[in-house]
Amino acid sequence: MVDRLVEAELDSARFNARRTTTARDETVIRRITDDDFHRIADPTHPGSAYYNRAVCRRREALTEARLGSLPDTVMAVEVPPELLDPGTAAVLLKLGFQPSESRCYLTASAHVAASAKPAATIDPWPHERADDFMDLLAIEGVEFTPETRERKRPFYCTDEFMTFVSTNADGVACAWATMYRTGSTAFLANAFTRPEFRRQGHQTALLHARLHHAAALGLGDVFTDVEHGSQSHMNTERVGFRTATITTIWART
């Protein structure tokens, strides 16, 4: 299950890299898997520890020789808790990696978590509303020039990258979130609530909506990541998610 989670998360990260890059050639953004690591490599976001990282798959990956053979463009190594001990920590430190953050991953069965009827109906926006969704992202500070809109429109409001928007009684878009579909799984991300509408239950409603839609599509596992102990963590557990693992991100110094 953890392997499926990592695959779904990195597929989502690669998609987000392609969606957000300003480079013309998106094909250079790659996903790489071998016996030791799952990796994402994105030369269009140089220096990004999120878009250029290696996720350890087994203890043998954490030797000085194997870690030292990673390209210099790998800006972070993500280590699951069962592989982290004083010896591996010493190797990472010796090679110039420092612990920078932890990442809490959660999982839920779409059918089990979606068994409760949601308080409101929130459907994914059709592709015809891609420009409307880009307008909402502009509120977050994302810049969309006319040329950028033309190139990026195919990424938004699709069967692969679904966008959900929670509105109030006046029809005002208060919060939004996305669901990235990959195979028989989904990864939830990109949640945002406008400051004036926070603490009104919009993100909980969006979690329910995405789980119900995943169940309607016949998907199996649904994954997400949060800051451990945060309000988002509590919201996800309230609707049926459970912690799968908490990894440590070691960033290259």
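## Sorting the residues

Let's start with a simple way of sorting residues: Ala, Val, Leu, Ile, Met, Phe, Trp, Tyr, Cys and Pro count as nonpolar, Asp, Glu, Lys and Arg as charged, and the others, Gly among them, as polar. The model is predicted, so local features need pLDDT of at least 70 and side-chain atom pairs count only at pLDDT 80 or more, while totals for chains, interfaces and linings use all residues. Residues are numbered from 1 along each chain as its sequence is written, and side-chain values use heavy atoms, leaving out hydrogens and water.

## The largest pocket

The largest pocket has a volume of about 670 Å³. On a 1 Å grid over the protein atoms alone, a pocket is an open set of points with protein on both sides within 12 Å along at least five of seven lines, and its lining residues have an atom within 4 Å of a point. The volume is the space filled by probe spheres (1.4 Å) set on the points. There are 25 lining residues, and A191, Q203, Q231, S232 and N235 are the closest to the centre.

Two or more lining residues come from each of β8 (185-193), α7 (202-216), β9 (221-226) and α8 (231-238). Helices (H or I, at least four residues) and strands (E, at least two) are DSSP runs, numbered from the N terminus. β8 gives the most, with six residues. Sorted by class, the lining has seven nonpolar, 13 polar and five charged residues.

## The second largest pocket

Here the space is about 460 Å³. Of its 21 lining residues, R19, T20, Y51, V142 and N190 lie closest to the centre. At least two lining residues each come from α1 (2-20), α5 (130-139), α6 (146-152) and β8. The lining divides into nine nonpolar, seven polar and five charged residues.

## Where two helices meet

How do the axes of α7 and α8 cross? They come within 10 Å and cross at roughly 45 degrees, which makes α7 oblique to α8.

In the contact (heavy atoms within 4.5 Å), α7 brings Q203, T204 and L207, and α8 brings N235, T236 and R238. By class, that is one nonpolar, four polar and one charged.

Conventions. Axes are lines fitted to C-alpha atoms, for helices over the stretch in contact, and angles run from 0 to 180 degrees between N-to-C directions. Angles under 35 degrees count as roughly parallel, over 145 as roughly antiparallel, 65 to 115 as roughly perpendicular and the rest as oblique.
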